[in-house]
Structures are given as C-alpha cells and as structure tokens.
Amino acid sequence: MPVTMGPYGQSQPSCFDRIKMGFMMGFAVGMAAGALFGTFSCLRIGMRGRELMGGVGKTMMQSGGTFGTFMAIGMGIRC
C-alpha cells in the first residue's frame, strides 16, 4: 500500500509510530494518575520520607505501564 502524502508533502506516521505515540501518551496519563492515587494511598497508610517516595514512584510506574500498554493496544487496533 503506497504512503499517502499530505497537502504539504508530509507523509503520515507509520503504524509503529502511532503505537509508540499511544504508549507514550498513555504512560504520561498513567504516571499522573499514579502520582495522585499513590500519594493518597501511601499517606493514608502512614508512609513518610524515603519510603513515601519509593511507594509513590512504584505506583506511578505501575499505572503508567499498564495504561500505556492499553493505549498502545488501542492504537494498534485503530491502524
């Protein structure tokens, strides 16, 4: 299938580029949600200092990876 050209000569991003972009957007949104939910849950159980930062960071990475994976799958289905 030939690559279609835009009105100014640009080509559209490939399917792999779209999947990467979906993962990065999902990862960013998941990290933000993980920061909020992780902070509240860690403070609720009484974490402080270094333990708090580690717990929030772990929650951010987990939620970012999960949401990024699902966004990448959704972008893959779209293209």
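I take helices (H or I, at least four residues) and strands (E, at least two) as DSSP runs, numbered from the N terminus. With that in hand, I counted 2 helices and 0 strands in the protein.

**Ground rules.** I am working on a predicted model, where local features need pLDDT of at least 70, side-chain atom pairs count only at pLDDT 80 or more, and totals for chains, interfaces and linings use all residues. Residues are numbered from 1 along each chain as its sequence is written, and side-chain values use heavy atoms, with hydrogens and water left out.

**Helix α1.** I looked up its extent first: α1 covers residues 15–44, which is 30 residues. From first C-alpha to last it reaches 42 Å, close to the 44 Å expected at 1.5 Å a residue (the expected span is 1.5 Å times one less than the number of residues). After α1 comes Gly46, with a positive phi near 95 degrees.

**The record.** UniProt, in an unreviewed entry, lists residues 23–43 as "transmembrane region". Its positions are in the numbering used here, feature names are shortened, and annotations may be inferred rather than shown by experiment. In the model I find that span to be 100% helix and 0% strand, with its end C-alpha atoms 29 Å apart.

**The buried side.** Which residues of α1 are buried? I noted Gly22, Gly26, Gly30, Gly34, Gly38 and Cys42; buried means under 20% relative accessible area, exposed over 50%, partly exposed in between (1.4 Å probe, protein chains only). An α-helix has 3.6 residues a turn, so residues three or four places apart point the same way. What do the buried residues of α1 pack against? They pack against α2, contact meaning heavy atoms within 4.5 Å.

**The exposed side.** Met24 also sits in α1, yet I have it as exposed because its relative accessible area is 54%. Met21, Phe23, Met24 and Met25 form a nonpolar surface patch with about 380 Å² of accessible area together. Patch members have over 30% relative accessible area and no salt bridge; like charges are joined within 9 Å, nonpolar side chains (Val, Leu, Ile, Met, Phe, Trp, Tyr) within 5 Å. A salt bridge is a side-chain nitrogen of Lys or Arg within 4 Å of a carboxyl oxygen of Asp or Glu. Areas are Shrake-Rupley with a 1.4 Å probe; for residues, only the protein chains shown count as cover.

**Across to α2.** Gln62 lies in α2 (residues 49–78). I call Gln62 partly exposed because its relative accessible area is 47%. Gln62 and Phe27 are 35 residues apart in sequence but 9.5 Å apart in space, C-alpha to C-alpha.
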